[in-house]
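Trainee: I would like to learn how to read the contact between two chains, and then the packing inside them. Could we work through one case together?

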Amino acid sequence: MALNGWKERLFRRYLFWICRPSRVKKHLAGRIESRRALPPLDGRKVRAAALQLEARLFKNPLDYVDAMHRRAREAAAAGVHLAVFPEYNNLPLLGILPGVEQAGEAAEAAGGAENGGAKGPVISLEDVIHYVSPVLKPLVHATFSTLAEAYGLYLMAGSFLLSEDGTVRNRAFLYGPDGRLIGSQDKAHLMPAEEQFNVTRGDHFEAFETGLGKLALPVCMDASYFETFRILEKMGVEIALLPIANAEPYNYWLALRGIWPRLQESPLYGVKSALVGRVPGFYFTGRAGIFAPMELTPDGSGVLAEVASSEAEGMAVAELDLDALQALRQNHPWRDRNRALYARYFPAIYEQIPG
Amino acid sequence: MTAAEYGRRRAAGGGLHGMKAAALSLDGVRVNNLDYYREDLSLLLAEIKPGLAVLPAHTSLLLCASAGELTETRSFGGAFREFRPKAAQWNERFLALHGALAGELGIYLVAGTTLEIEGGRCYHTAYCFGPGGELCGRQRQTHLSREERELGLSRGVELDLIDLGGIKMGLVVATDARHPEVGRILALQGAGILAHTGALERSANTLAQQLAGMWAQVQQNECWGVEAQLSRVFCGRDFHARCAVLGPCVTAADLSGYLSHTGGGEQCAAARLKEEDRRRAGESFPALRMLNPAAYKGNLL
């Protein structure tokens, strides 16, 4: 950053002040009109919402809090037990930094931040994350913890670029309807651009036992690898909550390389949220949706609900029948495991990875 | 230069033009007589001029049943059980025919599948012949559906590559297309092509099944896919799905990954596989390089 010395310290204290959790909680308390308890489950049927959020930079952190509140309230009004926010859900908060918008525009002119443009001489995304992360972490936690409790939701807050131990992580968070942080998951498969930003990848997958069933939080590219979902299935996961933020023009086929085929390979339900729209340096597209093994969708498509637009806000809502999922797993018509084959090749085969 | 060497060079194509690969459905090919079958297939392949041709699954059973060698042809299971004890003898003719055809045309020919009996076990196996007519590889199906297990099939436990003279190929037999471990093991051993011998029954979501199968395996592994799907009604079953030549999404003009596919009454899908295109695709979406084995540990066994 351009600041140093006392000016830098003063500015940092200012950021902490405007993002302080007590301010967020007080702000939300004045806006939450009616609280809601988690709706009772009909057997083991979970009603879920996949949110599609429009990316924009917020100069005032409370505007960000309002935007998250509006979407959580919409999800609650739809009667869901579970709502899922997208990847990079703290990117809009970078707007609190003076000059970020201009730096993004400069990066865009240099080919887009997602293509490494932001690593130019003006500013690097990695440096920004290290600088601002201590400020934003408490704000994010206060926002989603408060919203989850107020609306009686299991709330996957999305994933966040965070600084930890000198490295950047892309980490997803799950909150329970009591506002408690249930757990987190670091993205394990990175995009090349994230490698350039020196994001450190996760080295394991987590599963979380909840009142809705067993949940997991793979992040975006994690769904391009069958290994992720095989492991989640083995851990007993029933619903994968997947935040995405694809920085490329929308194409049905490119998007199809993600969660849909993974759920056909490893029977789970999948709730995919998407960040869409433009912020300087990035152009995000995607279609949030709720997906399932083909055998569990009435039309055999493997799609339960999907937002129609790839660039505008939206929400997909569907009911997930976890008993039907278990029945399919136990009596699947074509699935098989060949442990002798796997023992012969795994894990040694991964030593052949090119590059 | 021997005929086999010449054929190998011609088949591989190499250079900027790449190998031409074809996936055949056997739609319209006469199967009630082995001589007619060979004649029709020979004419078709001579017209397409591929370096690699892939036939669908159940070719051997189809030919045996259609030639009147089986009496129980009303049900697939019945025909299968009757075919099993006859398979070893029938295979001599089946394999010799395809070996001769490959040699005559100077191509790599994946002859579809038959039943292989060894050590009292029965495997569903695909065979590949080289441009000199030699047997250059075989692959047993490694994952079995519930029905296949009930029919008494055993699982193969090896996945080997076939060298096509410049590019290596792995065979993906039947239901193995829906098990991503197969494509991953083959790709990490160096396969540039996954050739699939398939037979899917006609249904409302057949295409979705195919997308979840070979299409997904190709996208995960930065390789080519040559997907041959049977298009015949026999032994009480209506097999019908799309034959396709596949590549990483960006190798197709519309980013679909489909370089060619059937669907309008064609007997085959054919396209050239340009390695330069595949290399560029790997640079834009380096799926294999971004694998994270540390996160898998022993959890895939």
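Trainee: How much area do chain B and chain A bury between them, and what share of it is on carbon and sulfur atoms?

Mentor: The size of an interface is often given as the accessible area lost when the parts come together. Here chain B and chain A bury about 5,100 Å², with 63% of it on carbon and sulfur atoms, where buried area is the accessible area (1.4 Å probe) lost on being put together, summed over both parts. In chain B, M290(B), L300(B) and L301(B) lose the most area to chain A, together 14% of what that side buries. This is a predicted model, in which local features need pLDDT of at least 70 and side-chain atom pairs count only at pLDDT 80 or more, while totals for chains, interfaces and linings use all residues. Residues are numbered from 1 along each chain as its sequence is written, chains are lettered from A and ligands numbered from 1 in the order in which they are written, and side-chain values use heavy atoms, with hydrogens and water left out.

Trainee: How many residues does each chain bring to the contact?

Mentor: Contact means heavy atoms within 4.5 Å, and on that basis chain B brings 52 residues and chain A 54 residues.

Trainee: How many salt bridges does the rule find across the interface?

Mentor: A salt bridge pairs a side-chain nitrogen of Lys or Arg with a carboxyl oxygen of Asp or Glu within 4 Å. The rule finds 7 salt bridges between chain B and chain A, and the side chains of D336(A) and R149(B) also meet in a salt bridge, at 3.4 Å from N to O.

How values were computed
Buried area is the accessible area (1.4 Å probe) that two parts lose on being put together, summed over both.
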